[in-house]
Amino acid sequence: MKKFILFFLLLLVAFPTFTEATEASTVKSIKITETTPVFDDYQKVAVFLKGTSHTVVNESNLFYHTFIGNDQVKLSKKKAVIIKDPPNNWKAAHPVRAKTSKPVQILDRPAVKANSIGHIQPNMTINVQRLKGNYYPVLIGGKTGYIHKNELLIEPGIPVLMYHDLVRSKTDQNASTLEISKFKEQMDYLKANNWTTITPQQLESWVAKKGTLPKKSVLITFDDGYKSTIDLAYPILKNHGFQATSFLITSRIDRISTVSEQDIIQTQDVYSYQNHTHLFHMFNSFTNLSLLQYESELAIFEDIQTANETIEQIIGGDYQVMAHAYPYGKRSLAAIYALQSAGITSAYTIDEGNVFQGDSLFDLKRQRIHSNMNLKQFADKLQGR
């Protein structure tokens with residue numbers, strides 16, 4: 001078995017994955033020869049204007065396929081021709097979810113006198129990038145288009161804040177390490193603006209449309225189980241009457257820099273302790289894969305189950321682990337099946353954005369909180385902007 005895994009890893013180093021190779025071979029540039037409607041699987045969602053060029057990532061017998069924001073769309077091959085221009089970018093983070101109430105123009109630059117390259121249909125939900133000035137950037141067929149902020153209604157959803165380690169003062173450039181003064185400022189903001197902190201169980205019920213939440217609800221999460229969640233974060237959270245969730249790497253419990261069993265037992269009035277793997281929080285820099293991407297379903301299940309049992313035995317009673325945070329945000333179908341087999345009912349990524357009803361419970365987004373952001377940016381992330 002070890003020889004097979006080693007051979008498989010060597011193949012991954014030497015060759016790109018099949019998906020990547022397929023995408024690379026099908027990405028090409030096209031030019032629209034006649035103003036054309038653009039569709040998703042169910043309806044017309046946009047219009048591309050004649051003379052505009054786009055990147056297509058796939059094609060079928062009748063259609064070219066491209067992206068608007070995070071969503072794949074298609075247009076008739078009869079309305080476009082292939083051109084020799086190199087393909088443009090077609091991947092980017094689009095963490096802001098918006099709706100259109102009328103046809104919305106997509107501009108070629110963020111300016112009042114910009115040219116239109118097409119429009120989005122009314123009553124559409126689209127994902128755009130964070131606001132820059134007065135415009136939301138969005139990838140349209142491989143190119144960045146711009147939509148004026150007054151043209152879109154932003155849907156806030158529920159923010160899931162992602163923290164890691166807290167320090168009294170910064171001694172490194174790691175953006176994930178946050179000064180305690182900034183953390184307190186953020187918690188003070190939540191308290192002053194009447195935000196309600198929730199648990200993973202409450203969020204899961206809301207996403208599945210089985211429960212309700214206050215309008216200003218937020219899930220506060222910490223990854224890795226750093227000791228600072230006890231020494232620095234816990235007193236502030238408790239003083240504010242807040243709840244939070246700590247995703248633990250259970251093989252690291254009782255180390256000098258991480259939480260102890262006693263910490264876990266004594267802080268349940270604030271923290272819900274959940275799964276961040278036992279031994280599988282590792283990353284292969286050669287293959288760009290985490291263990292949850294290339295280990296077998298059985299091996300992942302055994303690791304997740306061990307982490308669950310470790311936490312449940314420490315807490316005792318009828319406590320049951322139900323949530324997981326993917327290490328580095330990386331996952332596979334085998335990992336999701338393994339999580340489900342181990343009793344995990346929801347899982348969190350590091351993909352940016354808020355959570356909405358109807359989202360996949362095993363693909364929940366979070367808002368990364370880093371040391372370089374100011375309080376306005378923090379407030380914007382809460383609102384999904």
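Let me start with the open sheet: three strands in the order β4-β1-β8, paired in the antiparallel sense. Strands here are DSSP runs of E, at least two residues, and helices are runs of H or I, at least four, numbered from the N terminus; two strands pair if DSSP finds at least two bridges between them. This is a predicted model, where local features need pLDDT of at least 70, side-chain atom pairs count only at pLDDT 80 or more, and totals for chains, interfaces and linings use all residues. Residues are numbered from 1 along each chain as its sequence is written, and side-chain values use heavy atoms, without hydrogens and water.

At the edges of the sheet are β4 (53-56) and β8 (80-83), each with a single partner strand, so one side of each has no neighbour in the sheet. Strand β1, residues 28-32, pairs with β8 over four bridges. Within that pairing, Ile 30 stands opposite Ile 82.

Next, the cores. A nonpolar core is a set of buried Ala, Val, Leu, Ile, Met, Phe, Trp, Tyr and Cys residues joined through side-chain atoms within 4.5 Å; buried means under 20% relative accessible area, with a 1.4 Å probe and protein chains only. The largest has 52 residues, and Phe 222 and Tyr 271 are among those with the most contacts inside it. A second, separate core of 27 residues includes Phe 48 and Ile 120.

Last, helix α4, residues 200-207. Its buried residues are Pro 200, Leu 203, Glu 204, Trp 206 and Val 207. They lie on the same side of α4, because they cover an arc of only 165 degrees around the axis, taken from the directions from the helix axis to the C-beta atoms. After α4 comes Lys 209, with a positive phi near 60 degrees.

Methods
Buried means under 20% relative accessible area, exposed over 50%, partly exposed in between (1.4 Å probe, protein chains only).
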